Amino acid sequence: MKKFSLLPALMLLATGLYAELPPRAYEDMRNNSPEYLEIKVLKVSKGLCIACTRQSVEVEAEVLKTVRSAAGLKPGDGILVKYSHYRPRRRWAGPRSVPILKKGTICPAFLRQSADGKYFEPAAGGASFEPSR
């Protein structure tokens, strides 16, 4: 009877869980996001992060253009976007982290409204603030 080692199987499984998503997956998430806006970043607040891997980010932004909005947003509306920025360790192979936006940036925003309706969250992972291709 052959012996089966569980370790190689677990290593393969764990490696697959953190693989980068294919470009088509990001495009699908952008296409299915309830909110597709162009925003101007007015203020960025970051949580304290010295040796952490996740940093909380809050962005106050003005809607400049609405392509689609399930929440009924219009140009001129102010929104709050909350998310976590992942600071990967060296040799990280995994999904792209949502970038920390900079004040004054004008960019597309693929978002979804939070469950309580008080703020918005990135709907396309690390591609939530990148233009569609």
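Tutor: What follows goes from the chain as a whole to the ring pairs, then to the charges over rings and the strand pairing.

The model is predicted, so local features need pLDDT of at least 70 and side-chain atom pairs count only at pLDDT 80 or more, while totals for chains, interfaces and linings use all residues. Residues are numbered from 1 along each chain as its sequence is written, and side-chain values use heavy atoms, with hydrogens and water left out.

The protein chain holds two helices and five strands, in the order α-α-β-β-β-β-β along the sequence. Helices (H or I, at least four residues) and strands (E, at least two) are DSSP runs, numbered from the N terminus. Of its 133 residues, 28% count as buried; buried means under 20% relative accessible area, exposed over 50%, and partly exposed in between, with a 1.4 Å probe and protein chains only. Among contacts (heavy atoms within 4.5 Å) between residues at least 6 apart in sequence, 61% join residues at least 24 apart.

Rings of Phe, Tyr and Trp (its six-membered ring) pair if their centres lie within 6.5 Å; planes under 30 degrees apart count as stacked, over 60 as edge-to-face and the rest as tilted. In one, Tyr36 and Phe110 have ring centres 4.4 Å apart and planes at 25 degrees, so the pair is stacked. Tyr36 belongs to strand β1 (residues 35-46) and Phe110 to strand β4 (residues 106-113), so parts 74 residues apart in sequence are tied together. Phe110 counts as buried because its relative accessibility is 1%.

For Tyr83 and Phe129 the ring centres are 5.9 Å apart and the planes stand at 45 degrees, so this pair is tilted. Here too distant parts of the chain are linked: Tyr83 is in strand β3 (residues 78-86) and Phe129 in the segment after β5 (120-122), 46 residues apart. Tyr83 is buried at 8% relative accessibility, and Phe129 is buried at 8%.

Charges come next. A charge sits over a ring if NZ of Lys or CZ of Arg is within 6 Å of the ring centre and within 35 degrees of the ring normal. The charged end of Arg30 sits over the ring of Phe110, 6.0 Å from its centre. Lys82 lies over the face of Tyr119, 4.7 Å from the ring centre.

As for the strands, two of them pair if DSSP finds at least two bridges between them. β1 and strand β2 (residues 54-69) run antiparallel, joined by eleven bridges; Ile39 has Val63 in β2 as its bridge partner. β2 and β3 also run antiparallel, with nine bridges, and Ser56 has Ser84 in β3 as its bridge partner.
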